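Subject: Structure handover and notes

Hello,

Here is the structure for your files. My notes come after it.

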Amino acid sequence: MDQSLIEQVLKGNDHAFRIIIERYRQDLFRSIYAILRNQKDSEDALQEVFIKIYTSLPRYENQGFKTWITRIAVNHAIDMKRKQQRRRENLNEDIEQTISDDLQLESLEANILKKEKVLLLRRKLDDLPDNYRDVIYGFYIEEKTYQQLASEQHQQVKTIETKLYRARQWMKKHWKEDDF
């Protein structure tokens, strides 16, 4: 029976192919669904399988029609499953790359902003009176302790504390907060 339907399809009888579709639709769907485990994907795959069967009919060699079309369906479903997995892997890689790029960009932006602030601060330090510049630079830029500054400048720790206090007062009075 299948052989006569196949011969009719090869002669251009589309109605004969519709009979083949109706006869094997459920079996092929079950085979495809067993692999894809998704109703919509299985329905889409079934449509694509019937197109493959139709275009491959001239190469069919009378070796068991149901086995032949089931093999086409299973192979197509496996290919779809692999493509879906690759897409998921690629999507995960894209997401990871985007996160990495964002983190690098944030880090880059932070470094640029920090450098700009340091440059601005250095320019502003030139505006400071000489007796305050050394303590501000040493304490805030070089991050030295009061003791280290006192030792370097050959002064008492209390003198360094006083200079820093006065330097801060001078900055508050002469610099706008928006500058930093």
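This is a predicted model: local features need pLDDT of at least 70, side-chain atom pairs count only at pLDDT 80 or more; totals for chains, interfaces and linings use all residues.

Residues are numbered from 1 along each chain as its sequence is written, and side-chain values use heavy atoms, with hydrogens and water left out.

Annotated regions

The UniProt positions are in the numbering used here, with shortened feature names, and the annotations may be inferred rather than shown by experiment. Helices (H or I, at least four residues) and strands (E, at least two) are DSSP runs, numbered from the N terminus.

- From the unreviewed UniProt entry, "domain: RNA polymerase sigma-70 region" is listed for residues 20-87. That span is 85% helix and 0% strand, with 33 Å between its end C-alpha atoms.
- The UniProt annotation "coiled-coil region", also from an unreviewed entry, covers residues 74-101. Here the chain is 100% helix and 0% strand, and the end C-alpha atoms lie 40 Å apart.
- UniProt (unreviewed entry) places "domain: RNA polymerase sigma factor 70 region 4 type" at residues 120-171.

Salt bridges

Side chains of opposite charge can pair when their charged atoms come close. A salt bridge here is a side-chain nitrogen of Lys or Arg within 4 Å of a carboxyl oxygen of Asp or Glu. The count by this rule is ten salt bridges. For the accessibility classes, buried means under 20% relative accessible area, exposed over 50%, and partly exposed in between (1.4 Å probe, protein chains only).

Asp2 pairs with Arg23 in a salt bridge, with 2.7 Å between the closest N and O atoms. This pair links distant parts of the chain, since Asp2 is in helix α1 (residues 2-10) and Arg23 in helix α2 (residues 14-36), 21 residues apart. Arg23 is partly exposed at 33% relative accessible area. The C-alpha atoms of Arg23 and Gly12, eleven residues apart along the chain, are separated by 19 Å.

Also in helix α2, Asp27 and Arg30 are three residues apart, which means that about one helical turn separates them. Their side chains meet in a salt bridge at 2.6 Å, N to O. Asp27 is partly exposed, with a relative accessible area of 25%. Salt bridges that share partners join Asp27, Arg30 and Lys66 into one network.

A further salt bridge is formed by Glu152 and Lys144, whose closest N and O atoms are 2.7 Å apart. Glu152 has a relative accessible area of 45% and is partly exposed.

Surface patches

Patches are made of residues with over 30% relative accessible area and no salt bridge; like charges are joined within 9 Å, and nonpolar side chains (Val, Leu, Ile, Met, Phe, Trp, Tyr) within 5 Å. Accessible areas come from the Shrake-Rupley method with a 1.4 Å probe, and for residues only the protein chains shown count as cover. Lys and Arg count as positive and Asp and Glu as negative, while His and the chain ends are not counted. Each charge is placed at NZ of Lys, CZ of Arg, CG of Asp or CD of Glu.

- Positive: Lys52, Lys83, Arg86 and Arg87 form this patch. Helix α4 (residues 65-125) gives the most to it, with three residues. Arg87 is in helix α4 and is exposed, at 55% relative accessible area.
- Negative: Glu89, Glu93, Asp94 and Glu96 form this patch. Glu89 is found in helix α4 and counts as partly exposed, at 47% relative accessibility.
- Nonpolar: Leu91, Ile95, Ile99 and Leu103 make a patch of about 380 Å². Ile95 is in helix α4 and counts as partly exposed, at 43% relative accessibility.

Loop residues

Which residues have a positive phi without being glycine? Asn62 has a phi of about 50° and is placed in the loop between α3 (39-56) and α4. His154 has a phi of about 55° and lies in the loop between α6 (146-153) and α7 (157-174). His154 is exposed, with a relative accessible area of 73%.

Regards
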